[in-house]
Amino acid sequence: MSHKPHGIALSLVLSSLLAAGAAAEGIGGLSQAIDTPRAASGVADSFVIHFDFRDDYRALSFGLQPSDWLEIGISFPTYDDDAGSSSGNELSFGLRLLKEGTYTPGLTVGIVGFGSDDRGSGEYVLASKTFGAFSASVGLGWGRYALAVPEDRGTDDGVIRTDHLFEGDAAPFANIVWDTGVAGLVAAAEYSGIEGAEADETFAASLSYELLDGLTVTGLVNNQGNAGLRLQFAANPAQSLAQENIGRGPHPYVPNTPARASQLQPTAAQVLALLNERAEKEDIRISRFAMEGDTIDVTASSAKDVVFARTAGRIARILSAIAPANITTFRVTQNTGAFDSNVAVLDRAGLDRAVGAPNAAELAWDATSFEASPRNRPEGLIADRFEPRFTYGIAPSFRADFITSDTLELTGTLNANARYTFSPQTFAAASVGYRFLNQWTQQDPPAEPQPRSDFTSYAPDIVYLQSLSVRHRFRITPELYSRVSAGLFERAYGGVSGEVIWRDPEQNFALGLEATYVQKRAYQGWFGFEDADASTLIGSLYANVGTNGNFVILDAGQHLADDFAVGLTIGRNYRNGWRIAASTTWSEEKTAPLKFGAEVSIPLSWTSVEGGVGATNLFVGGQSGDFGSRVSGTGLLYDELRASDKRRIEDGFGEFWN
Amino acid sequence: MIKGVVFAGLIVSLSGCLGTLGQMRDAILNPNPEVEMRVPRVNRAAIEAADLAAVLVLSPTIGLGSVGVAIQMRDGRIIYNANDNRGITLEGGLVFATLGFGTNLQAVTTQSDDPLVRETRAGAWPAEVTRTYYIAQRGTEFAQITATCRNQVGRSLAIEVAEATRQVVEVVEICTTQAGEDFNNVHYLDADTGRIWRTSQWTGPVQTNIQVDVIEQFDPDA
């Protein structure tokens, strides 16, 4: 059994968040000290998710930083007060007008809740300066930064107004943030001129603790008698989450010289012993090794590094130093868990020419070719003996669904996942969910079950069985991958599913076909079914295009409502394992509107039952409507094989020598 | 109104004044006093007894120091290797590549008369030197950052490099990349030959400056 202390810690934190209380508000996804704004981090492509939990206020906010001078925030707040509950969607902008210099302050202007007539609307201007571990901001605010509950701002009968911006009552604010440098603790204090229930001005303090890389929990309190908790996840898809500085360099590369041929040559057992010892220091696991003729064949994987090119490069570096002089080819096999997918065939002489050159990665790529891993290989000096194992983890999952065509409402679910793996190809998995954030209005079950539009009829706010299924994956030929799965795939459907994918490692596309028969799951309880079934047959084209990690997925076939539909997904794979995609679906059903969806996938080892380079996902829209919908949770093979795409490996080849 | 004046005053008080060349040098060689440096003890006697070419490499951004020993010569460049696979490649006195000190520097290309490569005495340096730095990015092509450096000759002084005293001349390079980013290098050249004994060179936007102290020079005839 493997333990996930971080996941357990996270669940404890989230549990405590649910019990937290009392008001004050975040600022719509933009950079903030406590409840007053501060300058953006200055790092382009930063991505932040905030959860604010107070007694009368809760919000999920996303912050994006397309460049180092612009922040965009999208927030989904819910306010509870004497008048009841209200929700809104807020769009916010922070614009850095003046960059902080060595001796001069930065200047930032922000508009929060633009186009919203809710109480979250406000504007600010601030100056900021960093002094070592201290960051200070002072500024002037309007709307929410001047009044506890601003009114009559933003829209007028649905028409977006701008005449209120930077108008009306204004109040000063100031904040200071101190990175203590101790155990990830950051302290903040702030002042704002907002009059509250207990004082004419508001003073607040907070203490943040970074639980895991990028994941921070903050406790905050103010002199108005309020307190709350905030959970923040921050990351940057353009920057590596793995291997940025692991405290050691890669093994020195040693070119193969004629002089080496005259020296005593090591045996296969000696090479394997050295390879194991040195690869282990780099968190690389060798699961198969063979040395025959002029070739060394290695199956290698890293539990921490999502960049296969770097793993292959590190193996090549070690082998360059320890392989006999007559070895001319290093074959490094990529393993996805269930499959040995690609073999990267590295020409040793080509690597000798590449190392140290200003275009070393290009030359190394030229020295590399790809083959499909054979289904059966002669036994190597070592071959992995799989031990059945039980693993588990906790993963948050977020969805923003279109309740109607123009109403986007949010749910956040905490899933406890467990898996028993019988063999590399076969496992049984279960997931129990709890919806800790819910903007849906609960509906009674419909008279007739619907494919998707009845999703608000499923019981909320109780622990429920999300999925319970068995999955087996196998290869039919070296290029033909297959999967069968059965059980409860998702909250709404259970049944059986089969899939076949063809992929050639030298090609930048793959073709797939999935057939599924499912029964509608009961609205209440864990195991029941409704009297409704459906079958789907969907063909898919997966293609990598361009050189920036862009990809396209085209799906077509019979969907859940017995309708023919075509789906198009376009997205980008970032070199550190992030994936961001948007999709649209067209259905032959004339009354069906075009569907739109988006997905952000972030590699976080603590969310994955398998640990290592697992990912968590954020979904917006996509599945909500009846038409053009498919069953999720069947285990589409491409999700497992996409890291083996040649273009993905090429994308990472700049890291080959790192 | 009074609050407005107070806050305006606070904003103004965040401003400051400009520095000097000496401050620039001190800032480079002592960039962040809050990062605790772990510097290994150098056993000069052992290095001399073993007749090894060796360097002390200090990375202030990650607070790490390593002693590297020359293990290979490739294309005229000397590859020094240290513990934990950290390493540095020197082309003359130019830091050509680094490994294991943060974000690896893959290579540097420079003009044929680069005084860091050619051992040039302080007064004889060309007015400008242009170098291109190669750092891994997405895809098979490295990112290239080209910088042009002007130099200023500073004081003559004696410095201690790993328990040995060297008579050197200080040269500060003021560099600007094509994107407009500025950085500076500081070199201490042998007063007689122009050979580098200590140098702090920029090695990329994340790793920034790395300091190299030459404990024992590489002698190809040794």
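1. The largest nonpolar core of this predicted model holds 82 residues, and the members that touch the most other members are A:Ile315, A:Ala361, A:Ala364, B:Val55 and B:Val57. Helix α4 of chain A, residues 308-322, gives the most to this core, with 7 residues. As general background, nonpolar side chains tend to be buried together in soluble globular proteins.

2. Setting aside residues within four places in sequence, A:Ile315 is in contact with A:Ala279, A:Ile284, A:Val298, A:Ala300, A:Phe330 and A:Val332. There is also a second, separate core of 15 residues, which includes A:Ala39, A:Val138, A:Leu140 and A:Phe173.

3. Chain A may be summarised as follows. The chain has 658 residues, of which 44% are buried, and its secondary structure comprises 8 helices and 34 strands. Among contacts in chain A with a separation of 6 or more, 56% are between residues 24 or more positions apart.

4. A:Tyr253 is located in the loop between β15 (227-235) and α2 (258-261) of chain A. Is A:Tyr253 buried or exposed? A:Tyr253 counts as buried because 23 other C-beta atoms lie within 10 Å, the threshold being 20 or more. Not counting residues up to four places away in sequence, A:Tyr253 touches A:Arg317, A:Ser320 and A:Val355. Between A:Tyr253 and A:Pro378, the C-alpha to C-alpha distance is 29 Å, and the two are 125 residues apart in sequence.

5. Chain B has 222 residues, and 40% of them count as buried. Its secondary structure consists of 4 helices and 12 strands. Of the contacts in chain B between residues at least 6 apart in sequence, 49% join residues at least 24 apart.

6. The sheet of chain B is the next topic. In chain B, 12 strands form an open sheet with antiparallel pairing, in the order β5-β4-β3-β2-β1-β12-β11-β10-β9-β8-β7-β6. Its edge strands are β5 (94-99) and β6 of chain B, each of which pairs on one side only. On average, neighbouring strands of this sheet are turned by 30° against each other, direction ignored. In general terms, strands of a sheet pair through backbone hydrogen bonds, in either a parallel or an antiparallel manner.

7. Strand β1 (residues 54-59) of chain B runs antiparallel to strand β2 (residues 64-74) of chain B, and 6 bridges join them. Within this pairing, B:Leu56 has B:Val67 in β2(B) as its bridge partner. Elsewhere, strand β6 (residues 107-110) of chain B pairs with strand β7 (residues 128-135) of chain B in the antiparallel sense over 4 bridges. Here B:Thr109 has B:Thr132 in β7(B) as its bridge partner. β7(B) is also joined by 8 bridges to strand β8 (residues 143-161) of chain B, and these two strands run antiparallel. B:Glu128 stands opposite B:Arg150 in β8(B).

8. Two loop residues of chain B call for attention to their backbone angles. B:Asp75, in the loop between β2 and β3 (77-81) of chain B, has a phi near 55°, a positive value in a residue other than glycine. B:Asn85, in the loop between β3 and β4 (87-91) of chain B, is likewise not a glycine and has a positive phi of about 60°. Which exposure class applies to B:Asp75? B:Asp75 counts as exposed because it has 9 C-beta neighbours inside 10 Å, where the limit for that class is 12 or fewer. B:Asn85 has 19 C-beta neighbours inside 10 Å and therefore counts as partly exposed.

9. For the complex, the predictor gives an ipTM of 0.81 and a pTM of 0.71. Chain B has a mean pLDDT of 82, and 82% of its residues reach 70 or more. Over residues 1-20 of chain B, however, the pLDDT is below 50, and this stretch has 16 contacts in the model beyond near neighbours in sequence.

Key: Residues numbered from 1 in each chain as written. Chains lettered and ligands numbered in written order. Predicted model: local features only at pLDDT ≥ 70, side-chain atom pairs only at ≥ 80, totals over all residues. Pairing = 2+ DSSP bridges. Axes fitted to C-alpha atoms, helices over the stretch in contact; angles between N-to-C directions. Core = buried A, V, L, I, M, F, W, Y, C linked by C-beta atoms within 7 Å. Contact = placed C-beta atoms within 7 Å. pLDDT = per-residue confidence, 0-100.
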